[in-house]
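User: I would like to go through a model with you. Could we take it one topic at a time?

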Amino acid sequence: DQDRYRIYQEYIDTNSPVNMVYPLLFGNPEWTGEYYVNMPETDEAIEAFGRWSGWVASLPSTAAVEVWNEPNASGFNPGNASWETYSKLCKTAAKYVKSVNPDLKVGIGSLVSIPYVPMDVMQQLKDYGALDVADAISIHPYIWTNSPLGDRLDLKLSRLREWLDDNGYPDMEIWITEMGWGAGPAQMFTYEEQASYITQAY
């Protein structure tokens, strides 16, 4: 909602010189209905989401936006909305965002990719036109049991880059908007490993 984003904006203005990639998510009953994380599916809900996306694009701290979060994970798509629906959501959000700021970048996907980016999903995003309105495809390549070198994160990114190039999107950016290694007593890794793996990944 707008009050929440104003709080973010005030914090950034006070504490940080950085701009933000805002995830366009859930939480508004105008498009989620009774369940907090439902993806908008009706035409009315998708239009409401689009209007709100345009408002987020107007915030001075918004450097880019990302449409939804991990739609290929049940936790963020409990109603199992189709890729056609998600693509419509992307196209509507992009329309409103670009009407406010044509230069603002729109990322789509935010695909949780364990162990690999799901190329069948990429094909559907292409078929339903979502990739045609995007500036970037975003991924969340979490690695739960290995280092980025051991898991060959470089190969995963190379495969995605090759697919984009081969399918007519040579200028499409790849964003990693989530990635990490849990550290601590109840986690898989030590803090030293966590620091090392983050450095390796970059």
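**Helix H6 and its surroundings**

Analyst: Gly168, which follows H6, has a positive phi, near 95°. Please note that the model is predicted.

User: Which residues of H6 are buried?

Analyst: They are Leu153, Lys156, Leu160, Trp163 and Leu164. Viewed down the axis of H6, the buried residues fall within an arc of 100°, and therefore they line one face of the helix.

User: Changing topic: where is Glu66, and is Glu66 buried or exposed?

Analyst: Glu66 is in strand S2, which comprises residues 62–67. Glu66 counts as buried because its relative accessibility is 5%, where the cut-off for buried is under 20%.

User: With which side chain does the side chain of Glu66 make a polar contact?

Analyst: The partner is the side chain of Ser138, at 2.8 Å.

User: On to the rings. How many aromatic pairs are there?

Analyst: The count is six aromatic pairs. One of them joins Phe49 and Trp52: the ring centres are 5.8 Å apart and the planes stand at 55°, so this pair is tilted. An angle over 60 degrees would be needed for edge-to-face.

User: Where do Phe49 and Trp52 lie, and are they buried or exposed?

Analyst: Both lie in helix H3 (residues 43–57), three residues apart, which is about one turn of the helix. Phe49 and Trp52 are both buried. A further aromatic pair, Trp83 with Tyr86, is edge-to-face, with 5.7 Å centre to centre and 90° between the planes.

User: Why are Trp83 and Tyr86 separated by about one helical turn?

Analyst: Because they are three residues apart in helix H4 (residues 83–100). In general, an α-helix has 3.6 residues a turn, so residues three or four places apart point the same way.

User: What relative accessibility do Trp83 and Tyr86 have?

Analyst: Trp83 has 13% and counts as buried. Tyr86 is also buried, with a relative accessible area of 1%.

User: Back to Phe49 and Trp52: which residue forms one aromatic cluster with them?

Analyst: That residue is Trp68; Phe49, Trp52 and Trp68 form one aromatic cluster.

Methods. Residues numbered from 1 in each chain as written. Predicted model: local features only at pLDDT ≥ 70, side-chain atom pairs only at ≥ 80, totals over all residues. Heavy atoms only, no water. Helix = DSSP H or I, 4+ residues; strand = E, 2+ residues; numbered from the N terminus. Buried < 20%, exposed > 50% of the residue type's maximum accessible area, 1.4 Å probe, protein only. Polar contact = N/O pair within 3.5 Å; in protein donor to acceptor, adjacent residues only side chain to side chain. Arc of directions from axis to C-beta. Phe/Tyr/Trp six-rings, centres within 6.5 Å; stacked < 30°, edge-to-face > 60°.
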